[in-house]
Amino acid sequence: MTVGLSLAGTSAARADAPRACPTDARMPAHEATVALPTRGGAAYGTMQYAKGQMLGPREIALTFDDGPDPKTTERVLAILDQHCIKATFFMVGWYAQARPDLVREVAARGHTIGTHTWFHPNNLRRLPLADAKSQITRGFTAVEAALASAPPEDQARLAPFFRFPGLNDSKVLRTWLDARNIATVSCDFGADDWLQISGAEVYRRALKNIDEVGRGILILHDTRPHTAAMLNDLIATLEKRGYRFVQLVPESNGRALAANAPDALLGHPHAVQ
Ligand SMILES: [Zn+2]
């Protein structure tokens, strides 16, 4: 960090420097973080949870589901770096197991990681309860395993955050997550990028939905080429309209609270096996 600052010279030189974002996670992000409490039935995103708004006016948190994807995740990471944005990736365990290097890359670039089940059944409510719990457990286990060889600070990017596939939560599963100090993260708006629509249409719907609400968590998918294709323009337009990007992180002891819970779904970052 010291080297980077000394190379930058005067503050004017820093201001003129290209907006390349350091991929070193130890460097501070050029944006605020929003610390989300993870206890007591924590659930975020006003699309589902009336009290789930933690962001200030014109603050946006980008989230990407269903990866890591061998074709598009790195493209998304490069665009986020260009804009110095730290996002949250809700990963599917099966894909994390297939490409642990991509999981580590997301963490190394300083993004937050949550989980999104083992292989993404679209509605956990329709599964036998034991199977639904197993889906959630295996999702966390797979992402944690992918990060096991990463530095502790990268392991710590795995947050006690869970997103239900299709946002199909259930009371019994939320209670089960609550007992393990895992927060449920939904969204305030989407852009329908899981549909077969053009990138231009994803862009249009994202802006429309964001402008209507004015702040919150945007749900996107880093598995979708049309999302990667429009992402740079979407971010640039939002910046022009006065929005700023914030990174969702767990409250400072959130990971420890989850790791110390009975029948915990994830361990401490330093517990490398
Ligand atoms: Zn999904």
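**Questions about a zinc site and some backbone angles**

Biologist: Why is histidine 120 called partly exposed?
Modeller: Histidine 120 has a relative accessible area of 21%, and because buried means under 20%, exposed means over 50% and partly exposed lies in between (1.4 Å probe, protein chains only), histidine 120 counts as partly exposed.

Biologist: What kind of model do these values come from?
Modeller: This is a predicted model, in which local features need pLDDT of at least 70 and side-chain atom pairs count only at pLDDT 80 or more, while totals for chains, interfaces and linings use all residues. Residues are numbered from 1 along each chain as its sequence is written, and side-chain values use heavy atoms, with hydrogens and water left out.

Biologist: What makes histidine 116 buried?
Modeller: The relative accessible area of histidine 116 is 2%, and therefore histidine 116 is classed as buried.

Biologist: How do you know which residues are the protein donors of the zinc ion?
Modeller: A donor is an N, O or S atom within 2.8 Å of the metal (3.2 Å for Na, K and Ca), and because water is not among the atoms, sites may look incomplete. Asp66 through OD, and His116 and His120 each through NE2, lie 2.0 to 2.1 Å from the zinc ion, and they are its protein donors. Along the chain, these donors follow the spacing D-x49-H-x3-H.

Biologist: Why is the peptide bond from glycine 67 to proline 68 worth a remark?
Modeller: Omega of the bond from glycine 67 to proline 68 is near 5°, and the bond is cis. Proline 68 belongs to the loop between β3 (59-65) and α3 (73-82), where helices (H or I, at least four residues) and strands (E, at least two) are DSSP runs, numbered from the N terminus.

Biologist: Why is aspartate 263 called exposed, but arginine 58 partly exposed?
Modeller: The relative accessible area of aspartate 263 is 54%, so aspartate 263 is called exposed; for arginine 58 the value is 35%, and therefore arginine 58 is called partly exposed.
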